[in-house]
Amino acid sequence: TFNVNFMQQFDLVLNALDNLTARRRVNRLCLAASVPLVEAGTTGYLGQANVIAKGEVACYECQTVETPKVYPICTIRATPSRPVHTIVWSKEFYKLLFGAKEQESMLFEDTATLDGEVSTYMD
């Protein structure tokens, strides 16, 4: 199992998990084992990486993270997982249906720029 003894066999842990519960667990295990952690992730097209070392740098859960005011289009289009995502999608869909310019909606996809590729989001 993944416990403190398991983590102590490593000199460094690289983490790029896709959910907060797992990230927090790895963070806690690395802190308990005194093993440095490189925490990495993405938001839309933006990526980040942080080194977490016990007693030197704030841990993963100790860092304050602002609540996002904008959401990555890939999340809104393909994998909405929170109620706020569906609200943002609905607002954008309303713009697409009833807006003066459909290009103002982030759901708009210009098929002329796809160069023959099939859209992964909309027909």
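These entries record what I looked up in a predicted model of one protein chain.

**Entry 1: the chain as a whole.** I began with the secondary structure, which comes to four helices and three strands. Read from the N terminus, I found the elements in the order α-β-α-β-β-α-α. I then turned to burial and surface. The chain has 123 residues, of which 26% count as buried. I noted an accessible surface of about 9200 Å² for the chain, with 56% of that area belonging to carbon and sulfur atoms. For contacts, I took the pairs of residues at least 6 apart in sequence; 38% of these contacts join residues at least 24 apart.

**Entry 2: N27.** I next located N27, which lies in helix α2, residues 20-33. Is N27 buried or exposed? I recorded N27 as buried, because its relative accessible area is 1% and the cut-off for buried is under 20%. I then listed its contacts, setting aside neighbours within four places in sequence. On that basis N27 touches L37, I52, C59, Y60 and E61.

**Entry 3: Y94.** I moved on to helix α4, which spans residues 83-98 and includes Y94. How far apart in space are Y94 and S105, C-alpha to C-alpha? I noted a distance of 8.5 Å between the two C-alpha atoms, for a separation of 11 residues in sequence.

**Entry 4: the two residues side by side.**

Terms used: Residues numbered from 1 in each chain as written. Predicted model: local features only at pLDDT ≥ 70, side-chain atom pairs only at ≥ 80, totals over all residues. Heavy atoms only, no water. Helix = DSSP H or I, 4+ residues; strand = E, 2+ residues; numbered from the N terminus. Buried < 20%, exposed > 50% of the residue type's maximum accessible area, 1.4 Å probe, protein only. Contact = heavy atoms within 4.5 Å. Areas by Shrake-Rupley, 256 points an atom, 1.4 Å probe, with all protein chains shown as cover.
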